[in-house]
Amino acid sequence: MNNAEMTTLIEKFPLLNDLIALKEVAWFNPATTSLAEGLPYVGLTGADVKEAHARLARFAPYLAKAFPETAATNGIIESELAAIPAMQKRLHAALGQEIYGKLWLKKDSHLPISGSIKARGGIYEVLTHAEKLATEAGLLNPEDDYSKLLSPEFREFFSRYSIAVGSTGNLGLSIGIMSARVGFRVTVHMSADAREWKKAKLRSHGVEVVEYAEDYGVAVEQGRKAAESDANCFFIDDENSRTLFLGYAVAGQRLKDQFAQRSITVDEQHPLFVYLPCGVGGGPGGVAFGLKIAFGDHVHCIFAEPTHSPCMLLGVHTGLHDAISVQEIGIDNLTAADGLAVGRASGFVGRAMQRLLDGFYTAEDQTLYNMLGWLAAEEDIRLEPSALAGMPGPQHVCANEAYQRMHGLSTEQLNNATHLVWATGGGMVPEAEMAQYLAKAR
Ligand SMILES: *Cc1c(COP(=O)(O)O)cnc(C)c1O
């Protein structure tokens with residue numbers, strides 16, 4: 001983008017001034033529609049999500065044996081829901097804005113196998129690919145007990161195929177561990193942000209890790225290239241994959257069931273607000289889609305990004321989607337929230353979901369560290385910095401009367417609200433690394 005184009009863009013979208021100045025901003029989307037109006041643009045339906053549920057149910061007996069930590073839930077990979085009332089008070093005291101309603105945490109940070117939200121999409125896509133190969137080879141039927149995939153014959157079969165992926169860390173962890181367990185040869189292309197312990201963990205599982213000095217975009221491009229030259233290599237495309245997206249979407253109905261168990265009502269008088277940390281967009285986009293399918297217009301989805309990597313806000317706000325990167329407007333994409341260090345958003349997710357997302361905001365790294373410290377102190381829950389991005393969200397919503405008016409939300413409805421912060425990672429962070437995070441909190 002040359003200077004003249006940049007000036008025109010900023011004139012049209014003055015919010016970019018604050019983005020470029022790395023200020024914390026909130027932008028509530030004036031173009032949201034009902035689910036009924038917005039759904040056709042997604043290009044996927046509730047039936048697709050149902051199919052994903054069914055596939056994961058077929059794999060459950062396999063997963064329960066392949067990863068004994070999932071045996072307790074019979075091979076279903078799902079996270080806990082935790083009320084965090086002490087954190088709710090702490091946020092009020094620290095920032096002066098009351099949070100109306102009740103604050104909850106969705107602990108994807110503690111999902112089995114890879115300790116992040118990527119245990120949803122990443123694992124689902126690897127399993128989908130394995131099922132397709134084995135079915136096409138005549139080795140597997142949907143009626144079979146899938147634990148047969150653990151046999152040496154299947155592992156020999158899968159070893160003829162390989163998988164490649166580009167990642168800032170957590171997607172690589174999920175796809176690497178799952179692929180290696182199935183028996184695939186797997187290569188993870190890691191961006192410079194990726195933490196050392198994630199690379200070491202992958203190598204201990206027999207995964208090939210290729211390191212880059214550049215950011216996520218370069219790691220993905222290199223992964224894509226490496227896979228192109230090998231017909232038996234499947235490249236998992238974090239930027240465009242419908243399969244990943246559907247793996248995440250399963251969270252919607254699962255959450256609805258968890259709410260029902262706890263007698264938490266979500267309806268017109270009891271709105272649900274969900275705050276989702278966003279990197280390239282597949283994780284939060286897929287979860288938001290699943291939430292909309294499960295809760296309809298009673299759920300409000302809001303995306304959170306670091307001030308240094310606001311790629312989805314930039315793409316949706318300008319309507320340019322993946323035709324613009326944060327670097328092009330002078331933002332460096334350097335953040336302690338490594339899971340969110342993405343400069344160019346998924347064009348697929350932005351275009352598919354823009355009508356169904358209520359808003360976007362940014363948070364400084366120091367805000368994430370502070371909230372990381374408060375959550376550890378108040379609730380004894382430890383997360384990685386990316387996973388705190390959702391935490392400032394409830395206060396943005398409760399403070400913004402224009403947004404409340406736009407959606408016709410009354411004081412009573414706000415007092416009945418459930419605010420759910422999606423904690424996307426951190427359960428496997430080594431202690432020494434966690435101590436460094438905690439030391440940065442103020
Ligand atoms: C990947 C990731 C996200 C965001 O998911 P995207 O699909 O990249 O948008 C959020 N938090 C953590 C911890 C992650 O690893």
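Val209 is located in strand E6, which spans residues 208-211; strands (E, at least two residues) and helices (H or I, at least four) are DSSP runs numbered from the N terminus. The model is predicted, so that local features require pLDDT of at least 70 and side-chain atom pairs count only at pLDDT 80 or more, whereas totals for chains, interfaces and linings use all residues. Residues are numbered from 1 along each chain as its sequence is written, and side-chain values use heavy atoms, with hydrogens and water left out. Val209 counts as buried because its relative accessibility is 11%, where buried means under 20% relative accessible area, exposed over 50% and partly exposed in between (1.4 Å probe, protein chains only). Apart from neighbours within four places in sequence, Val209 contacts Val188, Met190, Lys199, Leu202 and Arg203, contact meaning heavy atoms within 4.5 Å. The C-alpha atom of Val209 is separated by 26 Å from that of Ser325, a residue 116 places away along the chain.

Leu202, one of the contacts of Val209, also takes part in the packing of helix H8 against helix H9. H8 (residues 170-182) and H9 (residues 196-204) pack at an angle of about 10°, and their axes are 10 Å apart. Axes are lines fitted to C-alpha atoms, for helices over the stretch in contact, and angles run from 0 to 180 degrees between N-to-C directions. The two helices H8 and H9 are therefore roughly parallel; this term applies to angles under 35 degrees, with those over 145 counted as roughly antiparallel, 65 to 115 as roughly perpendicular and the rest as oblique. On the H8 side, Asn170, Gly172, Leu173, Gly176 and Ile177 meet Trp197, Lys198, Lys201 and Leu202 of H9.

Asn170 is also among the residues touched by Lys118, together with Ile123, Leu171, Ser174 and Tyr248, when residues up to four places away in sequence are not counted. Lys118 belongs to helix H6, residues 118-136, and is buried because its relative accessible area is 15%. An unreviewed UniProt entry annotates Lys118 as "modified residue: N6-(pyridoxal phosphate)lysine". UniProt positions are given in the numbering used here, feature names are shortened, and annotations may be inferred rather than shown by experiment. The unreviewed entry also places the feature "domain: Tryptophan synthase beta chain-like PALP" at residues 94-394. This span is 43% helix and 15% strand, and its end C-alpha atoms lie 14 Å apart.

The largest nonpolar core comprises 149 residues, and those with the most contacts inside it are Tyr62, Phe158, Met353, Met391 and Trp422. Helix H6 provides the largest share of this core, eight residues. A nonpolar core is a set of buried Ala, Val, Leu, Ile, Met, Phe, Trp, Tyr and Cys residues joined through side-chain atoms within 4.5 Å.

Tyr248, touched by Lys118, is part of the packing between helices H11 and H13. H11 (residues 242-249) packs against H13 (residues 282-295) at about 55°, with axes 7 Å apart, and the two are therefore oblique to each other. H11 passes H13 in a right-handed crossing; a crossing is right-handed if the near helix is turned clockwise from the far one by less than a right angle, and left-handed if anticlockwise. From H11, Phe245, Leu246, Tyr248 and Ala249 meet Gly282, Gly283, Gly285, Gly286, Val287, Phe289 and Gly290 in H13.

Helices H5 (residues 85-95) and H16 (residues 365-379) cross at roughly 135°, and their axes come within 9 Å. H5 and H16 are therefore also oblique to each other, and the crossing of H5 past H16 is right-handed. In H5, Pro85, Ala86, Met87, Arg90, Leu91, Ala94 and Leu95 meet Met371, Trp374, Leu375, Ala377, Glu378 and Glu379 in H16.

Several loop residues were also examined. Thr307 is found between strand E9 (299-306) and helix H14 (311-318) and counts as buried because its relative accessibility is 3%. Beyond neighbours within four places in sequence, Thr307 is in contact with Leu19, Leu22, Lys23, Glu24, Ile331, Thr362, Ala363 and Glu364.

Most residues other than glycine have a negative phi. Asn74, however, has a positive phi near 55°, and Asn333 has a positive phi of about 60°. Asn74 lies in the loop between helix H4 (46-66) and strand E2 (81-83), whereas Asn333 lies in the loop between H14 and helix H15 (347-353). Asn74 is exposed because its relative accessible area is 59%; Asn333, with a relative accessible area of 2%, is buried.
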